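Grab a pencil and let's work through a few exercises together. Each one has a task and then a solution in steps.

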Amino acid sequence: MRINNSNSIDSSKVIKFYFNGKIYTAFEGDTIASSLISNGIFFTSRSIKYHRPRGVYSHSFEEPNSLFEVNSDETYEPNVLSTRENIYEGMKIKTINSWPSLNYDFFSFLTLLSNFLKAGFYYKTFFGSNYLWKNFFEPFLRKMAGFSKAPNKIDKFKYSKKHIKCDVLIVGCGPSGIAAALSLYKSNLKILMVDDDSSPGIKLNEPNEKEWFINTKKELGDKVEIYTNTTVFGAYADNYLTAVERINEKNNRNKLKTRLLLIRAKKVIFANGSIERPIVFPNNDRPGIFLSHSSTYYLNKFGVLLGKKFILFTNNDFAYADILNLQKNGSEIIAVIDVRQNLDGYLPKLAEAKGIKILKGFVISNTFGKKKIKSISVTSLANNRSYNLSCDCLLVSGGFSPSIHLHSQQGGDISYNHDICGFIPDKFINHQICIGSLVGKNSFIDCVESGINGGNYILNEFGFKGYLKPDLSEFKAIKYGKVIPFWAVDTNAKLESKSFVDLQNDTTIADIKVANLEGFRNPEHVKRYTLNGFGTDQGKTSGIISLGIISKEINQPIEKLKPTTYRSPFIPVTFGVLAGRQIRELSDPIRRTALNKCHEKLSAVFENVGQWKRPWFYPKVNEKIDQAIFRECLSVRNSVGILDASTLGKIMISGKDSLTLLNKVYTNNFSNLGIGKIKYGLLLKEDGMVFDDGTTTKLSENRYLMTTTTSNAALVLDWLEEWLQTEWTNLDVFLTSVTDHWAVITVSGPKSRHVISKLNPSISLDSEDFPFMSYRQVNLAGIACRVFRISFTGELSYEINIPWPNATYIWNKLLDAGSEYNITPYGTETMHVLRAEKGYPIIGQDTDGTINPIELGMGKLLSNKKDFLGKRSLSREFKSDKYFVGFKTIDPNLIIPEGAQIISLDRVLNNDKENLDNLLINGSLESEGYITSSYFSPILDHSIALGFLNSGKEKINTDEIFYATGDNNELIRTKIVSPVFYDEKGLRKDG
Amino acid sequence: MKKFSALSILTEGLSGNKGWKPHWQSVDPKSQYEVVIIGGGGHGLATAYYLAKNHNITNVAVLEKNWIGSGNTGRNTTIVRSNYLLNESSRLYEHSLKLWEGLSKELNYNVMFSQRGVLNLAHSLQEIRDSKRRVFANKLNKIDAEWLDSNSVKKYCKIINTSKDSRYPILGATLQRRAGTARHDAVAWGFARAASNLGVDICENCEVTGLQIEKNKIVSINTTKGNINTKKIGIVVAGHGSVLARMAGIKLPLETHTLQALVSEPIKPILDCVVMSNAVHVYVSQSDKGELVIGAGIDSTNSYQQRGNFSIISGQMGSLLELFPIFSKLKMLRTWGGIVDVSPDASPIIGETPVKGVFFNGGWGTGGFKATPGSGWVFAHTIANNFPHKLADPFSLNRFYKGKLIDEHGAAAVAH
């Protein structure tokens, strides 16, 4: 029922929405929960396990019951918490977990079977048959579990992230938070305040308190940045806090749904308050039962009354404020059921004075009303006498549990506080303090005082002097009676099965008792066995109650128990906002070379190599991949090809100890490398396995250019830096990544010399003036370039390093110059084929981190004159005899699949040798080796493959036949040859 | 031990559920045991169970500093598979997988082993090579393995995004149909119950504070609940393996890192298999409760804290949404971290140590859960016979001295 006295809603803006297909109206500013209640809808949901009728239970993130599916098109949202989500025009809200309808739900009979569905029942059965488990029981359990349907359409909402640095972050804008800000705001510190609600302070009832709050906020003005509707959900090391901001539908041009705030604060003040907890009693889950404080919230914020005839069940004085507030607004208060016998606080007395009936020393022993609460049974603790009272709304308050989640997420200590019957932060974490009701202050005046003191303390930490001593004399300090620990009403076994501790998971007192009987006594075990506190509310109301019940069961005081671990996030956060804009093409940065447009113009097909996009091959019109590669390969071998090799890692090494570094990391000796000369080297990890390879050129004294493989560029740089920064700190060496300073174009093939000389006829490129493995600084077409005579194809090759911005210019010049030789751009695939014909391994393809240089056939690169990384490991006892070899299939047209395993002839029975499955019938087969690279070689007109074979060195060029596994279980016959298939003498590199 | 069955639920239900007994007896340790297992996680409890069951050694205590299953057993993403590349690994994990297949019956406890199939995605040509190599190797070891092209991947897992336009398109995947998930807590509880039933003492809240070694032999253990004399101990702790070994004067080649994981809010069934991608760091399945269980990447710094950094979690969400764009509106419900001991070759260390009577089983890195029964089986055998089980032999500590590493790193076999 709405009694319109609120300014949080705009009653001029009527909003139509649908609930389970029926149309209703609400006002702008309403939440789903307030909209439903204002329309008199209390029965909104069914519970997950027993399908019992449930309704809205609270007003904020602690809500366990009313989760909905919203809409069904691309704006569909699952598991929408009614108390958090604003209503909007046309919103379609649907109940989950009920079929065929909310009112008549097929599975509601399950509540009758609760005796057989106690905690952990599924661990005790369903395992007789693997088949039935897999095909029947598990699918059925899965179907029954879970809340909403998963979305099946792509999310159209947008999300973003914002990084904020501030001096002080105040979490919570209630009275204590605002008071802390009041102490701080004149200091010029950058202060950020965050509050979960859209209207902080809305629950204040006393006019003078409300006035102070509004005036103080005004005074703070723009000196303090306030984010409302924003929830801090994670607290990480070094005051790094994560929050999610719900963006208002209004004025939202970017269609942003939520925004992630990543906050680094010098100091943090936690003023995030406490959460009201219920008391558990039989049938405490009926629609129309609410947390007491929610009545104030709905009334103050939305002008909505939760009923007409109220009963309050409490163990504390604070809830009396709610009931008095209701009375002031014209509601009928049937009675207050207070578990306490002696009430000496101010508020109960005031209530009595205002004619409210208080049943002292009474508890609720049962409730009635199938789909909405109608009446309750109360019982006197003193004499067990019971009688019934009717009502249409039952409020429950079991006291307040401080919201210690953020403090605890960081491992902060907590202790049990007897005054409030709850856990509070014990020792604050460095550079953080907690204030207000979070540390057990529950009255307005105490909270304000705590806030001001907290603010002053932080001010002092920043070195400011002059404390604020506000005048709080206008607020009268009232006496509050003692809260007594009261978690659940004692009842009989039957009703214990209806006394719900965790409303969301339908965990009852009976479940916790069964768990206890079965030895699950540690709260963490109880949680996992009974699911208590496992729901989307993360046990915000149920956690401490279950602790109270366990404490009683195991006969240990609650202060000896530890609440279950508090984990981030404090509230559920969408994957979408966590990802922000780092989705699709931005999920990982794309790196493109300077020549990317040239490749696109040539219709290149690209391959992902690490983050790079590299041309894989350049198909001509109507050309298939195999045809393109065939053409590209032969062009390089017979004339000239051109390759973009810019992605190769390039590291400038300078400083007087550069050579020392090179000798420490490379297996071979670089001491005798002359200026302008190039050397190939291997890098090993400490375990002696090949990590990367590349060439290093001595550019001048103490200046070297190291190249790495494309995929390992960053890893090698990190690796070298790690050694320099942690072990070899005395070395005078500087490393600079220059990978994208220099574009690299490789011109390769017998005609390459002709092509290059056209760009500068004045230089001599013949092998005597410019020998293999040497480097020249050369002016090409007017651009200063570095030219390296290295070859990865076996052909005469020039690797030209060009300043990145000039790359396209030189590329086009080379294409022009090469046109008479039909210069052919080739991609990575052709590069792979050509190097395989020459037996050059690719680190990361032919090696996998488990290959040492000897196995790779590069034993001669291991210097015995010096130490190098990995050397010691190579001296270990175990020596494998696997060896890098070539495979030549008996049938020249059969290409062995890459990754194929090799089986030895000896082990293959004479029959059945053509099919792997047949061979495996009688047991497993020992692998003798495997294929790492495999291609069809156009120049040899034969398939070729590289890989490793046990005792491979001895098998080369023998007649022994091995079998490689094929894609369809067929076995491919092959002989073992040298990995160098083409130009074994290496004559072609000089053209 | 009260036998669990549909009938026991029925009879107990009819008589008010009063007759249930503790699944295991949590007791204080006695002053002497034949074997003491340090670590009450899945591996430790399985070791104790198989010591009692297979080797008839029942004078055994399991010491757990918190509550059983409180370490990585209760923190992992519960993936069980055996499709490892190398013979040594695949045979050990396959032995384990075979035990998983009968584990619920063996323990009379539903560990909810769910053979829903595991996809290991390939996003690059190199990953295709690595995947196929693994499939062929698995076949030779008679481990079920299939290579699926991207169309078949889409057929097997309908909601996955195989679009060619995605940042790292799915080019294919390996599939092990017998692989799947299990209910991790139930594994610890089930082993504890079965071991307890055979006479093993399970001592919770009992932290080991020192190991007494004399003449290079273990003689006793100091704990927060008194000293225990014993001639054999098995150290089976994750996250603090090197710390415990150090108490015996043994230095192990282990590095410890935080590994995080998270779950979403529960939703109705949407993902019926396990999907793992090494390249984009996503490991996801849906629990029977309906939560998506997602493994995050490892925090690179060394740490003993069971808390990680937020950037790891948020950083991988883009990749997850790239694979499953429809998950965008699901909400992250809980995140947590476990601490993992990683050895130089990313394979576990199982077996004897330089100190007589001290046996070690650890260094499982990010993927120990799947090995739980197999690990317990071979470790119990090793302890009972003072000699490595043949499947455990290659994993002995001396492989680092000898140089015979079992390195799965480069084989694209995701370690989870």
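**Exercise 1. Work out how strand 14 and strand 15 of chain B pair, and over how many bridges.**

Keep in mind that this is a predicted model.

Step 1: Strand 14 covers residues 274-277 of chain B, and its pairing with strand 15 of chain B is antiparallel, with three bridges.

Step 2: Pick out one facing couple: Val275(B) sits opposite Val284(B) of strand 15.

Step 3: Now look at the link. The two strands make a hairpin with four residues between them. In that turn, His281(B) has a positive phi of about 60°.

**Exercise 2. Find out how strand 15 of chain B pairs with strand 16 of chain B.**

Step 1: Strand 16 spans residues 292-302 of chain B, and it joins strand 15 in the antiparallel sense over four bridges.

Step 2: For a couple to check by eye, take Ser285(B), whose bridge partner in strand 16 is Val293(B).

**Exercise 3. Decide which residues of strand 15 of chain B point which way, and whether they are buried or exposed.**

Step 1: Sort the side chains. Val282(B), Val284(B) and Gln286(B) point one way, while Tyr283(B) and Ser285(B) point the other way.

Step 2: Check the cover. Buried means under 20% relative accessible area, and five of the five residues in strand 15 (residues 282-286) of chain B pass that test.

**Exercise 4. Judge whether the radius of gyration of chain B agrees with that of a compact globule.**

Step 1: For 416 residues, a compact globule would come out near 22 Å.

Step 2: Compare. Chain B has 21 Å, which agrees.

Step 3: Of the 416 residues in chain B, 69% are buried. Among contacts in chain B with a separation of 6 or more, 75% link residues 24 or more positions apart.

Step 4: Finish with the secondary structure: chain B has 11 helices and 19 strands.

Notes
Residues are numbered from 1 along each chain as its sequence is written. Chains are lettered from A and ligands numbered from 1 in the order in which they are written. This is a predicted model: local features need pLDDT of at least 70, side-chain atom pairs count only at pLDDT 80 or more; totals for chains, interfaces and linings use all residues. Side-chain values use heavy atoms; hydrogens and water are left out. The radius of gyration is taken over C-alpha atoms; the globule rule is 2.2 Å times the number of residues to the power 0.38. Buried means under 20% relative accessible area, exposed over 50%, partly exposed in between (1.4 Å probe, protein chains only). Contact means heavy atoms within 4.5 Å. Two strands pair if DSSP finds at least two bridges between them.
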